[in-house]
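My entries follow in the order in which I made them.

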Amino acid sequence: MLDVQAIRKDFPILDHKIYDKPLIYFDNGATTQKPRQVVEKIENGYYNVNANIHRGVHFLSQAATEAHEEARKTVQHFLNARFSNEIIFTRGTTESINLIASSFTDECMSAGDEVIVSVMEHHSNIVPWQIQAARKGITLKVIPMNEKGELNLDEYRKLFSDKTRLVSVTHVSNVLGTVNPVKAMIEIAHEQDVPVLIDGAQAVPHMKVDVQDLDAEFYVFSGHKIYGPTGIGVLYGKEEWLDKLPPYQGGGEMIATVSFEKTTFNELPFKFEAGTPDYIGSTALAEALRYVDRIGIENIATYEDELLRYATAGLNTIEGMRIFGQADHKGAVLSFLVGNIHHYDMGMLLDRLGIAVRTGHHCAQPLMHALGIEGTVRASFSFYNTKEEIDTFIAGVERVRKMF
């Protein structure tokens, strides 16, 4: 069992009041709050170890370089990657996907080639491929889902052709909470000799991810969704694939030699890390991962599933409740509408009660079109949330319902 009250003391923002009401933060799918340890790591980095890395011979540069590369090893062990050079630091999931979309398309695709995505993708796993479609004439194929919000694997199999070059799918839906069977999907793709990219933004904070076990060629996530700072993220890639792909950006750090006639590129991981990296952010991300490790990702998964079940049961007692996403395997996300109440109105009124939820299309407009709606209210939970908060939330939803 988690000592939730002790954990909450590490997150000062949870003591805030909103409109004289205790803050109840149920917008963890958008970003998580940060523990003291992470913020203190950022402060220590700027006050005591701040110098540009890799290029300096002086003490501070050496210390900052060592901390940054140790952070890379922390991410490697957290994901169980084979080598630390398979960990590329980016600005987040969005940049990681854009990097692969650009470099993979340049190296491995031509007009008429196909990428398979799913109907439940975040815009960051749709738009980069559409940009490449406009530039190079590639095509997107979309995996449909059933009424429970689960991907149809039989239809998925049918999408493959001799033109399929990549599968790019989300591990966990940020709207429905569906935990997709990505290991099975990767095996199906590999039967066709097709590599796979997994968007793990909504998975890594909530469940154990072992990239060697999954066997995906690429796996991406964002620091700010796993209690780390904004502006830092990770692209994991198998070494043989990262070696094969061309750089995404040019500049300092990613080069071996430069002349006006020719440039040769640096070895991994630096080939994909042009310019000064966020060496403060990387060390803070590593601190966040260590924090999660101390609590235990299995403990987190068990507790958050308990919160999900408790909140689902409570919401289902409310007249007119519609919960979107009834998959057998779900993450700690609840998207819903109540009667004809607009999601924005529900969110605004819950905010006046101190309850922070998300409203809108959640950067998943194609999914909303498939569901036949414009948007939802989304409550997403973390290990620092409590059943008492859920009770207040359910009472708040019922109060809003009665107002309409």
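**Entry 1: a loop threonine**

I looked up T317 and found it exposed, with a relative accessible area of 65%; exposed means over 50%, buried under 20%, and partly exposed in between (1.4 Å probe, protein chains only). The model is predicted, so I note that local features need pLDDT of at least 70 and side-chain atom pairs count only at pLDDT 80 or more, while totals for chains, interfaces and linings use all residues. Residues are numbered from 1 along each chain as its sequence is written, and side-chain values use heavy atoms, with hydrogens and water left out.

T317 sits in the loop between helix 11 (297–315) and strand 13 (321–324). Helices (H or I, at least four residues) and strands (E, at least two) are DSSP runs, numbered from the N terminus. The T317 side chain reaches the backbone oxygen of G314 at 2.5 Å. This is a polar contact, a pair of N or O atoms within 3.5 Å; within protein, one must be able to donate a hydrogen and the other to accept it, and residues adjacent in sequence count only if both atoms are side-chain atoms. I also took the C-alpha to C-alpha distance from T317 to P22, which is 24 Å for a sequence separation of 295 residues.

**Entry 2: domains and cores**

I noted the division of the chain into domain 1 (2–25 + 295–400) and domain 2 (37–291), with bounds from an automatic or database domain assignment. Their C-alpha centres lie 28 Å apart. Across the two, 34 residues of domain 1 are in contact with 24 residues of domain 2, contact meaning heavy atoms within 4.5 Å.

Next I looked up the largest nonpolar core, which has 95 residues. Such a core is a set of buried Ala, Val, Leu, Ile, Met, Phe, Trp, Tyr and Cys residues joined through side-chain atoms within 4.5 Å. L79, L315, F383, F393 and V397 touch the most other members. Helix 10 (residues 279–295) gives the most to this core, with 8 residues. Domain 1 and domain 2 both give residues to the core, so it lies between them.

For L79 I listed the contacts, leaving out residues up to four places away in sequence; among them are I87, V204, F221 and Y236. A second, separate core of 21 residues includes F104, M109, L245 and L268.

**Entry 3: helix 5**

Which residues of helix 5 (residues 127–136) are buried? I found P128, W129 and Q132. Seen down the helix axis, these buried residues fall within an arc of 95°, so they line one face of helix 5; the arc is that of the directions from the helix axis to the C-beta atoms. They pack against helix 4 (93–108), strand 5 (114–118), strand 6 (139–143), strand 7 (164–170) and strand 8 (196–199). After helix 5 comes G137, with a positive phi near 80°.

**Entry 4: H171**

I located H171 in the loop between strand 7 and helix 7 (182–191). H171 counts as buried at 6% relative accessibility. Its side chain and that of Y219 are joined by a polar contact of 2.8 Å. Not counting residues up to four places away in sequence, H171 touches several residues, including T178, I198, D199, M207 and L214.

**Entry 5: salt bridges**

I counted 24 salt bridges, taking each as a side-chain nitrogen of Lys or Arg within 4 Å of a carboxyl oxygen of Asp or Glu.

R55 and E253 form one of them, with the closest N and O atoms 3.7 Å apart. R55 lies in the loop between helix 2 (36–48) and helix 3 (59–79) and E253 in the loop between helix 9 (239–244) and strand 11 (255–258), so the pair ties together parts 198 residues apart in sequence. R55 is partly exposed at 45%, whereas E253 is buried at 12%.

D305 pairs with R309, the closest N and O atoms being 2.8 Å apart. The two are 4 residues apart in helix 11, about one helical turn. D305 is partly exposed at 27% and R309 exposed at 57%.

E306 pairs with K387, again with closest N and O atoms 2.8 Å apart. This pair links helix 11 to helix 14 (residues 387–403), 81 residues apart. E306 is partly exposed at 30%, as is K387 at 28%.
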